[in-house]
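User: I've got a model open and I'd like to learn how to read it piece by piece. Can you walk me through it?

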Amino acid sequence: MKKKILSITALGSLVTTSAYAAPVTAESVQFSLDTMWVMIAAILVFFMHAGFAMVESGFTRAKNTLNILLKNILTISIGSVLYFLVGYGIMFGSSNGFFGTTGFALSGVEDVGFFLFQAVFAATCATIISGAVAERMKLSSYLILTVLMTGAIYPVVGHWVWGGGWISELGFVDFAGSTVVHLTGAVGAFVAVAFLGARIGKYEGKKVNAIPGHNIPIGALGVFILWFGWFGFNGGSSLAADPTLVPIVISTTLLSASGGVIASALYTKIRFKQIDPSITLNGALGGLVGITAGTANVSLIGAVVIGLVAGVILVEGIRFIDVVAKKDDPVGAIAVHGICGIWGTLAVGLFDTANGLFYGGGAALLGVQSIGVGAVILWTGLAVSAVVFILKSTGGIRVSREEEITGLDYAEHGSNAYELKESLVSSSSTGNSAMSGSLVERLDQLGKSAKKKKVYKESV
């Protein structure tokens, strides 16, 4: 991505911003095509936030759905503004090797399209934390963490790798963000979960209790949306409508995700004697995260292998985090984005067709990739630990036991996601006779039940 950034900047200087029409040249046409492709890709990446919202809400309990939806829409909104004000400057401003020092609030920045594409990336990194801390973290604490992730922590990592920082000088390869976006978000999620603790009832001594999600079909829809958006996530990172590169990138993205699904399905069948639906759905995301670093650098067969391995390590990663480490991650975000992000970054050192170990390039690139992964884990872990420690020491980061049991929808927002469902349940408790009459009688009973509930809420 770094090389493309430099070429886009140089080409942008050739295009006038005058209100009068400039002469049509091959360069101006190519610039228009490149800009249009990046804008389409940015829109696809933005749409991925709908996928995150569906996955997180579907894989958790109904009583927390509104809280999760609000976290996701606030993440993209707050993240975009913070990245505009400070994040972009830290990430792509004039470099001192560790962070940028110019370009705040886009001062002196001409390529607004590039900012837009990077802004939706920044929000993606932050929203990874949302799923891992679901059902028990205060909304205010999460939003403060989001501010610091999008405004400082993530931009520093981005500068190291894509903004001309010290890691990029080593020759580190991360085409679209297995480490920059996904591993950074996953490390932040792991630290937050470690400070936060597990949900009530998740662990009882050595016993690990499953807390199933309330709507797997919604979760599956979210996975398909994310997969669809990922074509823009990886394809748009070409930063150009390159007729040679973009088809390769989208093809490797498709094949790795498919490999992740197949491997996770088969491995859960072998490991647990049944194909696990939620893990298999996450297998697609594991394959997508795994290919993101090397999507432009590996062969199509290499992409399939990367996806297959990602599907297997995802299953074991989820089990390790849940059972061995006892870190309660309701949606598997740490394994998907963290473990598969590490694998995808290291896989570049193995499968890169120019410098990879399996292609005669030696172990040098693999070593550089390892250094980059270690540096990002260290920086993100320390920075997020400091933030969460301060939050926990001052006002606390977790809701009360009563609020968690009631559900964050009602406790923090005074409402519920599924009013009709609750009315149906309430009405059924009055007896079968109340529901055995005509349609008019049943609707009337539902109305009475809803009115009673409203009166009860107002009294509370």
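User: Over residues 452–460, how many contacts beyond four places in sequence does the model have?

Analyst: Start with confidence, as this is a predicted model. Where pLDDT is low, the coordinates should not be read in detail. For residues 452–460 the model has 6 contacts beyond four places in sequence, and pLDDT stays under 50 there. Residues 426–443 also stay under 50, with 10 such contacts.

User: What does the mean pLDDT of the chain come to?

Analyst: The mean is 90, and 86% of the residues reach 70 or more.

User: OK, now a helix. Which residues of α11 are buried?

Analyst: General idea: an α-helix has 3.6 residues a turn, so residues three or four places apart point the same way. In α11, the buried set includes G302, I306, A310, L314, I318 and D322. Those buried residues of α11 pack against β1, β2, α9, α10 and α12. The helix covers residues 300–324 and reaches 35 Å from first C-alpha to last, close to the 36 Å expected. After α11 comes K326, with a positive phi near 55 degrees.

How values were computed:
Residues are numbered from 1 along each chain as its sequence is written. This is a predicted model: local features need pLDDT of at least 70, side-chain atom pairs count only at pLDDT 80 or more; totals for chains, interfaces and linings use all residues. Side-chain values use heavy atoms; hydrogens and water are left out. Helices (H or I, at least four residues) and strands (E, at least two) are DSSP runs, numbered from the N terminus. The expected span of a helix is 1.5 Å times one less than its number of residues. Buried means under 20% relative accessible area, exposed over 50%, partly exposed in between (1.4 Å probe, protein chains only). Contact means heavy atoms within 4.5 Å. pLDDT is the predictor's confidence in each residue, from 0 to 100.
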